[in-house]
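Please report on the side-chain contacts, the ligand shell and the backbone of this model. Keep it brisk.

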Amino acid sequence: MSPEHKEWQLDPASFVVVANRLPVDRVEGPDGTADWRPSPGGLVTAFDPIMRKRRGAWVGWHGAADEELEPFEEDGLVLVPVALSSSEVEDYYEGFSNATLWPLYHDAIAQPLFRREWWDTYLAVNQRFADRTAQVAAEDAVVWIQDYHLQLVPRMLRRQRPDLRIGFFLHIPFPPRELYVQLPWRQQILEGLLGADLVGFQLPGGAQNFVQLVRTRLSLETLRDRIRMPDGREVLARAYPIAIDARSFNQLAATKEAADRAAQIRHDLGDPPVLFLGVDRLDYTKGILERIQAFGELIAEGRLDPDEAVLLQLAIPSRQRVEQYRQLRDDIDRLVGRVNGESPRIGRPPIVYMHVSYPRVEMAAFYRAADVMVVTPLRDGMNLVAKEYVACRQQDDGALVLSEFTGAARELRQAYLVNPHDINGLKDRLVEAMDDSPQNKARRMKAMRRQVVEHDIYKWADTFLDDLERLTQKPAHRAAG
Ligand code: ADQ
């Protein structure tokens with residue numbers, strides 16, 4: 001995005017997206033001047049095209065602590081910053097969102113921490129987001145709240161503005177009952193979400209977990225995906241598997257710029273016959289250690305020849321002040337060092353590991369360059385990287401090794417599916433994906449490409465918003481919760 005922005009006289013908006021992060025982060029340039037850069041992660045990738053089409057307002061934090069900013073327009077988007085102090089970043093964002101909820105909702109892969117002072121700040125910050133949204137939303141506006149950071153906002157907002165049509169979408173898994181009930185604030189969060197008219201999940205299982213919890217813990221009447229509220233409203237809980245702008249990825253990958261860059265990438269890596277690729281936010285849910293372990297063992301056992309195969313792993317660091325993330329970064333550094341150190345090949349190491357964040361055209365070039373895409377999360381709401389890779393394979397070649405524990409695995413059935421906890425199984429799958437015949441690869445890829453092109457991000461947003469519109473045509477939704 002361009003660094004220019006101008007201050008904005010804000011008109012009430014009829015479509016408002018509310019997310020923890022704005023799509024841009026405020027950063028300081030080397031000379032001390034303020035600058036903007038795209039903020040990382042799947043939510044921004046998904047919402048950027050929707051917002052450009054609908055021209056709504058986006059309410060969120062701008063990524064810099066202790067800084068109050070006025071609303072502004074940036075590259076055609078209306079952005080409404082919500083300020084957070086440094087201690088709120090620690091307690092609401094790094095603490096409750098990313099050290100309590102994130103691990104708990106991802107099958108407790110890492111131990112969730114329950115701290116009462118984090119909860120108090122989560123409450124206060126959610127209220128601030130609700131207040132800011134109530135100020136900018138026009139009468140009867142559609143407000144779409146995003147993700148686990150803001151699960152209390154639907155109810156808070158409805159109390160202030162019963163006229164609004166409120167949708168909520170959870171980008172990460174909603175955990176099974178046995179895990180969810182560990183949360184000391186389990187009731188408040190369920191009630192918070194029920195302030196929405198429509199609560200969306202990545203998978204039907206998440207929606208079912210939610211409905212079951214609402215029935216058993218709150219004693220509300222439910223009928224399949226509908227929940228009857230005491231005030232007469234009906235809340236719908238349903239799955240909307242998130243998608244990507246497949247056509248635009250496809251087009252980007254087809255450009256001469258991407259083709260040249262793809263060739264350059266392979267060349268820079270020593271033109272190996274087989275390029276394996278991993279692309280992730282650096283996160284313990286993504287199965288990066290398992291992937292490197294499997295690849296390293298294949299090299300050590302001679303099943304992969306270091307002269308022939310390279311693993312390029314791109315990992316953008318995130319949440320670096322959370323202890324578990326620092327630990328993971330160290331663990332990966334050590335493991336990559338060990339595998340590379342033990343390789344007999346002089347010159348290029350078998351694993352090339354990078355922390356750089358790239359523009360989208362460059363990502364398309366990486367996807368185009370890779371023979372085998374390795375996506376091995378231990379748990380993932382969806383995983384857009386898998387879909388992006390498929391969208392970029394115009395020749396129907398290449399192979400996707402995909403963890404069964406991603407939301408994407410439900411749709412991309414023709415991938416080489418794998419249980420990443422099973423390192424031997426993962427090794428076999430990597431070799432199988434590499435060695436499979438071009439005909440088999442093409443058959444699999446064709447079917448997956450059809451899936452990602454037919455179910456794109458625009459269709460996803462239209463389906464969610466049409467359902468929301470339909471639900472809120474009833475006069476009952478106007479009652480305050
Ligand atoms: P994330 O956990 O952030 O998303 P993912 O869905 O894979 O994970 O999205 C990552 C995004 O970051 C992709 O669009 C990818 O292209 C981009 N990216 C990764 N590395 C990059 C790099 N080095 N440079 C530039 N871009 C890079 C959360 C949930 C997911 C869910 C999404 C959307 O955890 O399960 O799919 O939200 O709902």
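## A salt bridge across the chain

R266 has a relative accessibility of 18% and counts as buried. Buried means under 20% relative accessible area, exposed means over 50%, and partly exposed lies in between (1.4 Å probe, protein chains only). D371 is partly exposed, at 24%. These two residues form a salt bridge, with the closest N and O atoms 3.0 Å apart. R266 sits in helix α9 (residues 256-268), while D371 sits in the loop between α12 (360-369) and β17 (372-375), so the pair ties together parts that are 105 residues apart in sequence. A salt bridge here is a side-chain nitrogen of Lys or Arg within 4 Å of a carboxyl oxygen of Asp or Glu. Helices (H or I, at least four residues) and strands (E, at least two) are DSSP runs, numbered from the N terminus.

The model is predicted: local features need pLDDT of at least 70, side-chain atom pairs count only at pLDDT 80 or more, and totals for chains, interfaces and linings use all residues. Residues are numbered from 1 along each chain as its sequence is written, and side-chain values use heavy atoms, with hydrogens and water left out.

## Other charged pairs

Side chains of opposite charge can pair when their charged atoms come close. The salt-bridge count comes to 33. One of these joins R345 and D307, whose closest N and O atoms are 2.6 Å apart. This pair also links distant parts of the chain, 38 residues apart. R345 lies in the loop between α11 (323-342) and β16 (351-354). D307 lies in the loop between α10 (288-300) and β15 (309-317). Both ends are partly exposed: R345 has a relative accessible area of 27%, and D307 has 46%.

R226 and E234 meet through their side chains in another salt bridge, at 3.0 Å from N to O. R226 is partly exposed, at 29%. E234 is partly exposed too, at 23%. Salt bridges can also join up into a network, as they do for D225, R238, D467 and R470.

## The ligand shell

How many residues surround the ligand? The shell holds 23 residues, and the closest are H171, Y358, D380, M382 and E388. By class, the shell divides into 11 nonpolar, 8 polar and 4 charged residues. Ala, Val, Leu, Ile, Met, Phe, Trp, Tyr, Cys and Pro count as nonpolar, Asp, Glu, Lys and Arg as charged, and the others, Gly among them, as polar.

Polar contacts are pairs of N or O atoms within 3.5 Å; within protein, one must be able to donate a hydrogen and the other to accept it, and residues adjacent in sequence count only if both atoms are side-chain atoms. A side-chain N or O atom of Q202 is 3.2 Å from a ligand oxygen. R281 places a polar side-chain atom 2.9 Å from an oxygen of the ligand. L384 uses a polar backbone atom, 2.9 Å from a ligand oxygen. The protein covers 94% of the 720 Å² of accessible area that the ligand has on its own. Such areas come from the Shrake-Rupley method with a 1.4 Å probe; for residues, only the protein chains shown count as cover. Elements giving two or more residues to the shell are α1 (42-54), β14 (274-282), α12 and α13 (384-391). The most come from α13, with 3 residues.

## Aromatic pairs

The model has 27 aromatic pairs. One of them joins F174 and Y180, a tilted pair at 5.2 Å centre to centre, with 35 degrees between the planes. Rings of Phe, Tyr and Trp (its six-membered ring) pair if their centres lie within 6.5 Å; planes under 30 degrees apart count as stacked, over 60 as edge-to-face and the rest as tilted. F174 is buried, at 5% relative accessible area. Y180 is buried as well, at 0%.

Ring pairs also build a cluster. Its members are F47, W58, W144, F169, Y240, W460 and F464.

## Positive phi

Which way does phi of D66 point, positive or negative? It is positive, near 60 degrees, in a residue other than glycine. D66 is found in the loop between β5 (57-61) and β6 (72-74). D66 is exposed, at 54% relative accessible area.

D271 is not a glycine either, and has a positive phi of about 45 degrees. D271 lies in the loop between α9 and β14. D271 is partly exposed, at 46%.

Conventions. A residue is near a molecule or strand if one of its heavy atoms lies within 4 Å of it.
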